[in-house]
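The sequence and structure are shown first.

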Amino acid sequence: CDYLHSQAQKDPDAFLRAVEQSFDPELHLQAALASLDSAPKAADQQAMMAFLRQQRQTFYRILYSADLSGAMTPERTCHWASVFAEACVLSCLRFLEQDMFTEWGQPLAGEEVSSLMVIAMGKLGGRELNVSSDIDLIFTYAGLGETSGGRRSVPFDRYFTLQAQRLIQMLDQVTAMGRVFRVDMRLRPYGNAGPLV
């Protein structure tokens, strides 16, 4: 596998650890997910992007090794790839809600805080993501209004569009560490001609 070959060249020790962990992969994949979920707050978006890419490398070294060694069935490989993608999206949402608060505050609809909702389509929606799949997403939100509690207020549509754009960038932008997932938004209503959120 080209991916594992490149990982072995970049970091031989991490590669060997992944091979060892692949003999009992589910336990180690669960631990990798837990470290993603309990991550300390990143200083800024660039730091969070680097953290997500590091976590992806760790997770996928184990996943690829387990798949190639036969220690995991194709169905379980797809399950774990889907679980990881979902965890990355949720991590981005948590980060962005905190990171955007100072500037724009919260999107309050009456007394309720509205949130960006992410609907997984395609292979991710069916929990059938393979290790090279992109993720198909649709963004939506409930309520009308403007944000409050920050330095300035913006309408919900502007706030959630910006949040969605930043989430896509955090996952899809190619850096020196690669990307986390390619994000495809063409399955939303009217495709690329429709609003992002």
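The model is a predicted one.

Three strands make up an open sheet, in the order 2-1-5, with antiparallel pairing. In general, strands of a sheet pair through backbone hydrogen bonds, either parallel or antiparallel. Strand 2 (112–113) and strand 5 (147–149) are at the edges; each has a single partner strand, so one side of each is left without a neighbour in the sheet.

Strand 1 (residues 105–109) is joined to strand 2 by two bridges, and L108 stands opposite V113 in strand 2. The hairpin of strand 1 and strand 2 has two residues between the strands, and in it G110 takes a positive phi near 70°. Towards strand 5, strand 1 is joined by three bridges, and this pair also runs antiparallel. P107 has T147 of strand 5 as its bridge partner. Helix 8 lies across strand 1 and strand 5, and runs at about 130° to strand 1.

**Helix 4 and helix 5**

The axes of these two helices come within 11 Å and cross at roughly 170°. An angle over 145 degrees counts as roughly antiparallel, and helix 4 and helix 5 are therefore roughly antiparallel to each other. On the helix 4 side the contact includes Q45, M48, L52 and F59, and on the helix 5 side it includes T77, W80, F84 and C88.

**The nonpolar core**

The largest nonpolar core has 50 residues, of which I135 and L171 touch the most other members. Helix 3 (25–37), helix 4 (45–69), helix 5 (74–99), strand 4 (135–140) and helix 8 (156–172) are the elements that give two or more residues to this core. Helix 5 gives the most, with 12 residues. In soluble globular proteins, nonpolar side chains tend to be buried together.

Leaving out residues up to four places away in sequence, L171 touches L52, R53, C88, V89, C92, I135, R179, V180, F181 and V183.

| Residue | Relative accessible area |
|---|---|
| M72 | 5% |
| E103 | 19% |

Buried means under 20% relative accessible area. M72, at 5%, is therefore buried, and E103, at 19%, is also buried.

M72 is found in the loop between helix 4 and helix 5.

E103 has its place in helix 6 (residues 101–104). Which residues does E103 touch, not counting those up to four places away in sequence? They are G150, R151 and R152. With R152 there is also a polar contact of 2.7 Å, which joins the side chains of E103 and R152.

Conventions
Residues are numbered from 1 along each chain as its sequence is written. This is a predicted model: local features need pLDDT of at least 70, side-chain atom pairs count only at pLDDT 80 or more; totals for chains, interfaces and linings use all residues. Side-chain values use heavy atoms; hydrogens and water are left out. Helices (H or I, at least four residues) and strands (E, at least two) are DSSP runs, numbered from the N terminus. Buried means under 20% relative accessible area, exposed over 50%, partly exposed in between (1.4 Å probe, protein chains only). A polar contact is a pair of N or O atoms within 3.5 Å; within protein, one must be able to donate a hydrogen and the other to accept it, and residues adjacent in sequence count only if both atoms are side-chain atoms. Contact means heavy atoms within 4.5 Å. A nonpolar core is a set of buried Ala, Val, Leu, Ile, Met, Phe, Trp, Tyr and Cys residues joined through side-chain atoms within 4.5 Å. Two strands pair if DSSP finds at least two bridges between them. Axes are lines fitted to C-alpha atoms, for helices over the stretch in contact, and angles run from 0 to 180 degrees between N-to-C directions. Angles under 35 degrees count as roughly parallel, over 145 as roughly antiparallel, 65 to 115 as roughly perpendicular and the rest as oblique.
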